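Please keep the model open while reading.

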Amino acid sequence: MAKTKSTIGYFAGSIAWGTISKLLGAGIKFVTIPALLAHFGKENYGLLTLAIATNAYMKLLDMGMNTGGIKFFSQWISSGKYDMIDRVARTNISFYLGVGLLNSFILIGVGTWGEGLFKLSPEQFSTFRYLLFILSAFSIINWITFVFNQLLVADEKIAFTQQIMALRSILGLSVVGITVAFKWSILEYFFADLVVSAGVIFPYYYLARKRRLIRSILPAFYWKDFSIVFKYGLAILAMSIFQFTATQSRPLILAAFSTSGIGVLTEYRIIEVFPIFIISLGGMLISIILPKSAKAIQDNDRGKIEQIAYKGTRYTSVIVSLLCFPVMLSARELLELYVGEGYTYLSLWLVLWVFTLVLYLHNSPVSSLVLATGKTKMLVYSSAISCVVSIVINAVLTNIYGVGSAVIGYIVYIIIQVSFYYLYFNSSVLGLKSMRVFKSFIIPTGLGFVAFIGAQLLKIEMSSLLLQLIVKTVVWGVFYLLMLILFRVVDIRKISEVLLKQHV
């Protein structure tokens, strides 16, 4: 019984601190991005976005090691193999040391010889170059931090890592305040912000060492032990490349093909904040489904597999609707509160992007089941096809729809991916009925759309934008919850019973 309470406590603590950290981070971004935009100007802030996007693509150098590290460290912690953990962790430091150096050289190379890669003026590229040089200086520390994060996540210290990330967000807010107050340049701000980010390595290392997960920060070279993790990482690399490219290439494509200037990246950055927040919250819930999926597939338990696929899709669709529809309903108000009335013209693209997340996140339970089977060959093909098509669409439409081309490309990417699941994976890999999965998705989502139309028809308008946003959200939420109960999509009585049992 103690073990059950400990498990519940672990999930509750991890979810609570994860939610707090992400809400805090999103709230601070909501305040700081407009402040930085006003301080640096649209064009210069676009350079920040481009530099971060360029470095984000370097995450592919991880080669699946982050997932592999967490998987094997968890197993070795469970079996008490702390000598093995130390050997692999310190060899992992050697691996990430090499990756960090390579990352630095690539950034320095782009900053030195990459003037023709993006449509930047000589003055803009000069600033962009120094942003990349600053990033290169922090590459090694940032990569080595992954080792200690893997160890702590594997040791079920996710709550601690989220507490540190919450502190990092608060310190980042302080950096923005100092930047505006003392009129720092974009380079001074960027350097200070990266110092704060790099600082998380100290508490991570301290706790990892205290927990006997690693004896020293000095690199080691136990390549034979390390190869176990490395081979596993390579197995999921191909799929990750296409998925990562589809998401991270969008600002780079805009910068490379747009003739309207670097300001289009600022528009991208503005509307990106809301979808990223939704994905981060959705991802926390999905992480709870994954271990259950793996066990159901391993035991070939058809009852559990179907429960995850059908009931899981239904409840995931409800949660996703609760996250997405309020943002779509108040897109104009959110943008006006966020960056001012001058950017409300982006509301259509924000609505479309968030609606795409409804299509994307509802499929998480079935996606986790497919990954648990290990049959990823067709996933690689589907990811490759959808990635290439979305990039082509983004590039072709950039000078017609501007930032909207990135949204349209992403919609196509998700539609192709989801189509593969409904037309192939559900039946051929999992033995599920695609129509039943679709029914589990469309009913709660359709009710959310009906409530959305109802709230729109009321034409709620108030003098306070914030109050207007809150009232519209509450009205939609009441409509939606009443319909969920009326059409018996959710059983309030059963949910209450489960919650009461957990507190007994």
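This is a predicted model: local features need pLDDT of at least 70, side-chain atom pairs count only at pLDDT 80 or more; totals for chains, interfaces and linings use all residues.

Residues are numbered from 1 along each chain as its sequence is written, and side-chain values use heavy atoms, without hydrogens and water.

Q: Which helix gives the largest share of the nonpolar patch?
A: The patch covers about 690 Å² and includes L337, L458 and F479. Its members have over 30% relative accessible area and no salt bridge, with nonpolar side chains joined within 5 Å. A salt bridge here is a Lys or Arg side-chain nitrogen within 4 Å of a carboxyl oxygen of Asp or Glu. Six residues come from helix 19 (residues 465–486).

Q: Is L458 buried, partly exposed or exposed?
A: L458 sits in the loop between helix 18 (434–457) and helix 19. Buried means under 20% relative accessible area, exposed over 50%, and partly exposed in between (1.4 Å probe, protein chains only). At 47%, L458 is partly exposed.

Q: How many disulfides does the structure hold?
A: A disulfide needs two cysteine sulfur atoms within 2.5 Å. C324 is buried at 0% relative accessible area, and C387 is buried at 3%. The disulfide count is zero.

Q: What is the volume of the largest cavity?
A: A cavity is a set of points on a 1 Å grid where a 1.4 Å probe fits but cannot get out; lining residues have an atom within 4 Å of a point. The lining includes R250, N394 and Y410. The volume is about 40 Å³.

Note on methods
Patches are made of residues with over 30% relative accessible area and no salt bridge: like charges are joined within 9 Å, nonpolar side chains (Val, Leu, Ile, Met, Phe, Trp, Tyr) within 5 Å. Accessible areas come from the Shrake-Rupley method with a 1.4 Å probe; for residues, only the protein chains shown count as cover. Helices (H or I, at least four residues) and strands (E, at least two) are DSSP runs, numbered from the N terminus. On a 1 Å grid over the protein atoms alone, a cavity is a set of points where a 1.4 Å probe fits but cannot get out, and a pocket is an open set with protein on both sides within 12 Å along at least five of seven lines; lining residues have an atom within 4 Å of a point. Grid points are joined across faces, edges and corners, and a volume is the space filled by probe spheres set on the points.
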